[in-house]
Amino acid sequence: MNRLRSLLAALVAIVLAAAAPAQAKVVVSFYSHDFGERFPHGFVTLKGRVDSTGQIVDYNYGFTARSVTPAILLGAVKGYVQSKEEKYVTKSDRQFSVTVDDATYGRLLTKVREWQDREQPSYDLGTRNCVHFLMEMAAAAGLKVNRNSEYFKKPKSFLLEVKRLNPGLE
C-alpha cells in the first residue's frame with residue numbers, strides 16, 4: 001500500500017509539473033559594434049520564447065542607412081531596419097540584457113515596425129540613426145534613457161550611459 005501511495009504521489013507530481021506554465025521569457029540584449037565593416041553600429045537581439053504562444057524568438061534589429069555614402073553627412077537619406085547574420089552578432093559587444101514579458105515584447109515589435117514603416121528618407125545621422133533606434137527600443141523595454149544624450153553618434157557610449165541610468169543591468 002505504501003508503494004502504491006508513493007507511485008500515485010509521483011504521478012500527481014509529474015502531472016502538476018507538466019500542467020504548470022512554462023518559464024517562457026524573451027531576453028533583449030543591446031549591442032554595439034565598433035569600427036569595421038561599415039561604421040560604429042548599435043542593434044538589439046531578441047531571444048527566447050513568448051509565454052502566451054510558445055513561439056520561439058531569435059531576431060536582431062538595427063537601423064541604418066540603405067547606402068553608406070558621403071550623402072549621410074549632408075542630410076536625410078533612405079534608411080531601413082536591418083538584421084545581421086549571426087557572425088556579425090558574435091563579433092559585436094553585448095552591453096547589457098533585460099528579460100521582458102509578452103506585453104513588452106509586443107511593444108518592442110511595434111517599435112521595430114514603426115521604424116520599418118517610416119517615410120523615406122528616414123535615416124539622418126544627427127536625428128534618426130542606430131543610436132536613436134536603440135534609445136526607442138530601450139524605452140519600450142521599460143529602461144530609463146537620456147533623450148538629450150551627447151552620445152547619439154557613439155553606440156557603445158550611449159549604451160553605457162543607459163546602463164548607468166539603470167543600475168543592475170547585466
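1. Angles between packed elements are classed as roughly parallel under 35 degrees, roughly antiparallel over 145, roughly perpendicular from 65 to 115, and oblique for the rest. The axes are lines fitted to C-alpha atoms, for helices over the stretch in contact, and the angles run from 0 to 180 degrees between N-to-C directions. Helices (H or I, at least four residues) and strands (E, at least two) are DSSP runs numbered from the N terminus.

2. The model is predicted: local features need pLDDT of at least 70 and side-chain atom pairs count only at pLDDT 80 or more, while totals for chains, interfaces and linings use all residues. Residues are numbered from 1 along each chain as its sequence is written, and side-chain values use heavy atoms, with hydrogens and water left out.

3. The protein contains five helices and five strands, and their order along the sequence is α-β-β-β-β-α-β-α-α-α. Of its 170 residues, 41% are buried (under 20% relative accessible area, with exposed over 50% and partly exposed in between; 1.4 Å probe, protein chains only). Among contacts (heavy atoms within 4.5 Å) with a separation of 6 or more, 57% join residues 24 or more positions apart.

4. Two packed helices are described by the angle between their axes and the distance between the axes. For helix α4 (residues 130-140) and helix α5 (residues 155-165), the angle is about 20 degrees and the axes lie 10 Å apart. The two helices α4 and α5 are therefore roughly parallel to each other.

5. On the α4 side, the contact with α5 is made by Cys 130, Val 131, Leu 134 and Met 135; on the α5 side, by Pro 155, Phe 158 and Leu 159. By class, this contact of α4 with α5 has seven nonpolar residues, no polar and no charged ones. Here Ala, Val, Leu, Ile, Met, Phe, Trp, Tyr, Cys and Pro count as nonpolar, Asp, Glu, Lys and Arg as charged, and the others, Gly among them, as polar.

6. Helices α3 and α4 pack at an angle of about 155 degrees, with axes 9 Å apart; they are therefore roughly antiparallel to each other. This crossing of α3 and α4 is right-handed. From α3, the residues Thr 104, Arg 107, Leu 108, Lys 111, Val 112 and Trp 115 meet His 132, Phe 133, Glu 136, Met 137 and Ala 140 of α4. The contact of α3 with α4 divides into six nonpolar, two polar and three charged residues.

7. Thr 104 belongs to helix α3 (residues 102-116) and, at 8% relative accessibility, counts as buried. Its side chain makes a polar contact with the side chain of Asp 101 at 2.8 Å. Such a contact is a pair of N or O atoms within 3.5 Å; within protein, one must be able to donate a hydrogen and the other to accept it, and residues adjacent in sequence count only if both atoms are side-chain atoms. Leaving out residues up to four places away in sequence, Thr 104 touches Ala 140 and Ala 141.

8. Ala 140, in helix α4, is buried with a relative accessible area of 12%. Beyond its neighbours within four places in sequence, Ala 140 is in contact with Thr 104, Arg 107 and Leu 108. The C-alpha atoms of Ala 140 and Thr 110 are separated by 9.3 Å, although these residues are 30 apart along the chain.

9. Glu 136 also lies in helix α4 and is buried, its relative accessible area being 18%. Not counting residues up to four places away in sequence, Glu 136 touches Lys 111, Trp 115 and Arg 147.

Technical notes: A crossing is left-handed if the near helix is turned anticlockwise from the far one by less than a right angle, and right-handed if clockwise.
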